[in-house]
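Reader: Could you walk me through the pockets, cavities and aromatic contacts here?
Author: Happy to; let us look at the model together.

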Amino acid sequence: MTISSGLIIANNYYNQPLLSMMAKDFGISEAQVSTIPMLTQMGYATGLLIIIPLGDMFRRKRMIQIDFIFIVLALAGMYLSRNVNWLFPLSFIIGFTSVIPQIFIPIAAELSLPEKKTAAVGQVMSGLLIGILLSRVISGFVGIWLGWRVMYLFATITMVMLWVLISWKLPEIYPHYKGSYRQLMQSVWKLARGEKILRLASFRGATGFAAFSAFWTTLVFHLENPPFFAGSDVAGMFGLVGGIGALAAAFVGKLTIKTSSERIIFYSILMMMLGWGCFYGGATTYTGLVAGVILIDMGLQSMHVMNQSAIFSINTSASNRINTVYMTSYFIGGSIGTLLAAQAWSVWQWNGVIVVGTVFTLLTLLAHLLSVRAH
């Protein structure tokens, strides 16, 4: 599940280092091509809302096998497309169908002993997060040497191989929920309204990921400018640097033995704030950008694991629906951050992106401090 999560989620992020190539290939602006990652994130949020709750109703392995058919078709469509107008709906479909990791995470939580739940979620999450970050490295190099289309050909082949492996190895997980889809979706809304912990975690996740997405969407544009004059391969390499932060997701759960989750989240948000400070102060140096990437990745991923550990302690029989509320909010936040950063870049360039990221991070901090004070 850890390996599969990384490979599947990577489909959503191959586009980020390739945006400039796509813009030049089709003769469109940077703001227009930034619609591709925004639609991918919106597709992911929609898939979370519509598909993931079904994991409480149907056999999950069968769901995953059917979903893979649409992943493969969408990726193949990106490779074959010769009209930019096809890229937008196909990007949405890639996001919509690449939600399988969010089925794996509740499975990991359900199959774990209570004292190992956080560690299990953290392990699968680390695979997912490393997949997100390394996808940028891979696509950056493939794009610069072979072209952006070849990246989607490789992704299509990888998904076919993974579909065979999952069909062979993944055990069947049977549903807990008895009722109609309408009742299921009503229960999702009821959980969102009734669980304060879930609402808080969802808001923190949404604003934190909005800031994170603002950076990654515009990084390739920033690196094309002086003094860097760099291409997609260099932008993708920042994914390796971010991998250092993603590794924190595998270990942060162990810190709960020594300190409270509220304190871990507080320090995680402070790391994100320091990261944006590095992006501002070191905007024209690789040192500043690298330091900022490590800090925002480590901060976001640590907070993300603590958020999920908290929400999965609410009601294990509704784990897919709980995860739906949280992750849908998370990626709606990401798509908003992407949209606002693209607009800010077109008007104010890098300083505009820094304002967007800093404001979202401050909102995350404010929500957390207010919740701690309320306790």
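Reader: Which residues line the second largest pocket, and which helix gives the largest share of the lining?
Author: This is a predicted model, where local features need pLDDT of at least 70, side-chain atom pairs count only at pLDDT 80 or more, and totals for chains, interfaces and linings use all residues. Residues are numbered from 1 along each chain as its sequence is written, and side-chain values use heavy atoms, with hydrogens and water left out. The largest share, five residues, comes from α5.

Reader: How much space lies in the second largest pocket?
Author: On a 1 Å grid over the protein atoms alone, a pocket is an open set of points with protein on both sides within 12 Å along at least five of seven lines, a cavity is a set where a 1.4 Å probe fits but cannot get out, and lining residues have an atom within 4 Å of a point. The points are joined across faces, edges and corners, and the volume is the space filled by probe spheres set on them. For the second largest pocket this gives about 230 Å³.

Reader: How many charged residues are in the lining of that pocket?
Author: Asp, Glu, Lys and Arg count as charged; Ala, Val, Leu, Ile, Met, Phe, Trp, Tyr, Cys and Pro as nonpolar; and the others, Gly among them, as polar. The lining of the second largest pocket has seven nonpolar residues and one polar. The charged ones number three.

Reader: Are F215 and F279 buried or exposed?
Author: Buried means under 20% relative accessible area, exposed over 50%, and partly exposed in between (1.4 Å probe, protein chains only). F215 has a relative accessible area of 0%, and F279 is also at 0%. By that cut-off F215 is buried, and F279 counts as buried.

Reader: Which ring does the charged end of R136 sit over?
Author: A charge sits over a ring if NZ of Lys or CZ of Arg is within 6 Å of the ring centre and within 35 degrees of the ring normal. One such case is K169, over the face of W168 at 4.6 Å from the ring centre. For R136 the distance to the centre is 4.0 Å, and the ring is that of W216.

Reader: Which element gives the largest share of the lining of the second largest cavity?
Author: R136 and W216 turn up again here, in a lining with Q16, P17, L219, V220, A235 and G236. About 40 Å³ of space lies in this cavity. The elements giving two or more residues are α11 and α12 (232–246), and the largest share, three residues, comes from α11.

Reader: How much space lies in the largest cavity?
Author: There are four cavities of 30 Å³ or more. The largest is lined by 14 residues, with L128, L129, I132, Y330 and F331 nearest its centre. Its volume is about 70 Å³.

Terms used:
Helix = DSSP H or I, 4+ residues; strand = E, 2+ residues; numbered from the N terminus.
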